[in-house]
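Q: Can you walk me through this one? I'll ask as I go along.

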Amino acid sequence: MRINHRWHQILGSSNGVPLSNAVDCNAFGLETSAGLVMFDAGAGIDPVELHTAVAAAGFANGPRHLFLTHGHADHSGGAAHIARQYGSVVYAGPLTAEWLAAGDEERISLPAARRAGVYPDQYKWQPLVIDQIVDDAAAIAIGDAEIRPVATPGHSADHLSYLVTIDGEATLIAGDAIFAGGTIILQDIWDSSVAQSCESIRRLASLSFDAFLAGHGSAVLSGAKSHVAEAMQRVARLLPPRNFV
Ligand SMILES: [Zn+2]
């Protein structure tokens with residue numbers, strides 16, 4: 001689904017309309033002068049369905065570059081399928097890269113999520129060797145886009161958001177760090193942290209961006225900082241922002 005002349009939503013659901021498997025996170029595509037850059041990969045539950053969704057978005061040749069926000073299977077599970085099918089260069093933070101390479105399901109809390117019924121029992125998370133490890137020390141230039149990783153742990157220990165600037169407009173790929181309405185997702189998993197989530201909200205409040213595209217729920221196409229301000233009202237009172245779910 002086209003968001004504007006640069007951005008597309010490729011996976012997940014948009015205003016309640018499913019674009020791909022119900023388990024998939026929202027995944028976004030950016031048209032750059034160096035080809036399509038995709039952010040997050042969905043769960044990869046059904047590779048055929050995944051490739052159909054990528055083609056339906058208008059990108060039968062897939063992304064040239066794929067950035068992952070964190071290791072949770074609904075964001076990273078499709079990455080191996082995408083890399084294999086399209087030859088995409090895959091980028092992730094150091095912990096996500098380590099866990100994906102090892103196929104370490106415990107670190108991404110997949111057994112717990114299976115027990116909670118989030119994934120089917122037979123779901124297989126595909127290991128993958130990440131091509132390029134990124135952290136928030138340096139921005140990455142891809143064609144006419146600048147992509148700046150922003151460490152935003154709390155939802156998980158390995159979480160990165162990406163501040164993307166193109167045509168002079170800044171858009172935050174928020175992953176699961178913040179959602180519309182200034183909400184967050186904290187779960188009963190080993191690396192979910194109230195303190196880190198609040199610190200990450202403070203970090204996002206210090207950045208400039210007009211729009212943010214989150215891993216679940218609605219895209220925020222303007223006035224993004226007012227949503228961050230809602231979260232900050234809670235953080236300023238030493239409370240975690242309200243939970244998205
Ligand atoms: Zn997550």
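Q: How many salt bridges does a search of the whole structure find?
A: The search finds 7, a salt bridge being a side-chain nitrogen of Lys or Arg within 4 Å of a carboxyl oxygen of Asp or Glu. This is a predicted model, where local features need pLDDT of at least 70 and side-chain atom pairs count only at pLDDT 80 or more, while totals for chains, interfaces and linings use all residues. Residues are numbered from 1 along each chain as its sequence is written, and side-chain values use heavy atoms, with hydrogens and water left out.

Q: Which residue does D144 form a salt bridge with?
A: The partner is R6, with 2.8 Å between the closest N and O atoms. They come from distant parts of the chain, 138 residues apart: D144 is in the loop between strand 9 (140-142) and strand 10 (145-151), and R6 is in the segment before strand 1. Helices (H or I, at least four residues) and strands (E, at least two) are DSSP runs, numbered from the N terminus.

Q: And what does D167 pair with in a salt bridge?
A: R6 again, the closest N and O atoms being 2.8 Å apart. That pair also links distant parts of the chain, 161 residues apart, with D167 in the loop between strand 11 (160-166) and strand 12.

Q: Is R6 buried or exposed?
A: R6 is buried, at a relative accessible area of 14%; buried means under 20%, exposed over 50%, partly exposed in between (1.4 Å probe, protein chains only). D144 is partly exposed at 35%, and D167 is partly exposed at 43%.

Q: Where do E199 and R202 lie?
A: Both are in helix 6, 3 residues apart, or about one turn of the helix.

Q: Which residues do salt bridges that share partners join into one network?
A: R6, D144 and D167.

Q: New topic. What coordinates the zinc ion?
A: H70 (NE2), H72 (ND1), H155 (NE2) and D176 (OD), at 2.1 to 2.6 Å. Donors here are N, O and S atoms within 2.8 Å of the metal (3.2 Å for Na, K and Ca), and water is not among the atoms, so sites may look incomplete. The spacing of the donors along the chain is H-x1-H-x82-H-x20-D. H70, in the loop between strand 6 (65-67) and helix 2 (73-76), is 106 residues from D176, in the loop between strand 12 (169-175) and helix 6 (194-205). H70 and D176 are both buried.

Q: Why is the arrangement around the zinc ion irregular?
A: The angles subtended by the 4 donor atoms run from 84 to 174°, which makes it irregular. Four donors count as tetrahedral if all angles lie between 85 and 135 degrees; four count as square planar and six as octahedral if opposite donors are over 155 degrees apart and all others between 65 and 115; anything else is irregular.

Q: How many residues of helix 3 are buried?
A: 6 of the 8 (residues 79-86), so helix 3 is largely enclosed by the rest of the structure. The cover includes strand 5 (35-39), helix 1 (47-56), strand 6, helix 2 and strand 7, with contact meaning heavy atoms within 4.5 Å. Just after helix 3, G87 has a positive phi of about 70°.

Q: Which residues touch the most other members in the largest nonpolar core?
A: I10, L66, L68, Y119, L128 and I130, out of 34. Such a core is a set of buried Ala, Val, Leu, Ile, Met, Phe, Trp, Tyr and Cys residues joined through side-chain atoms within 4.5 Å. Helix 3 gives the most to this core, with 5 residues.
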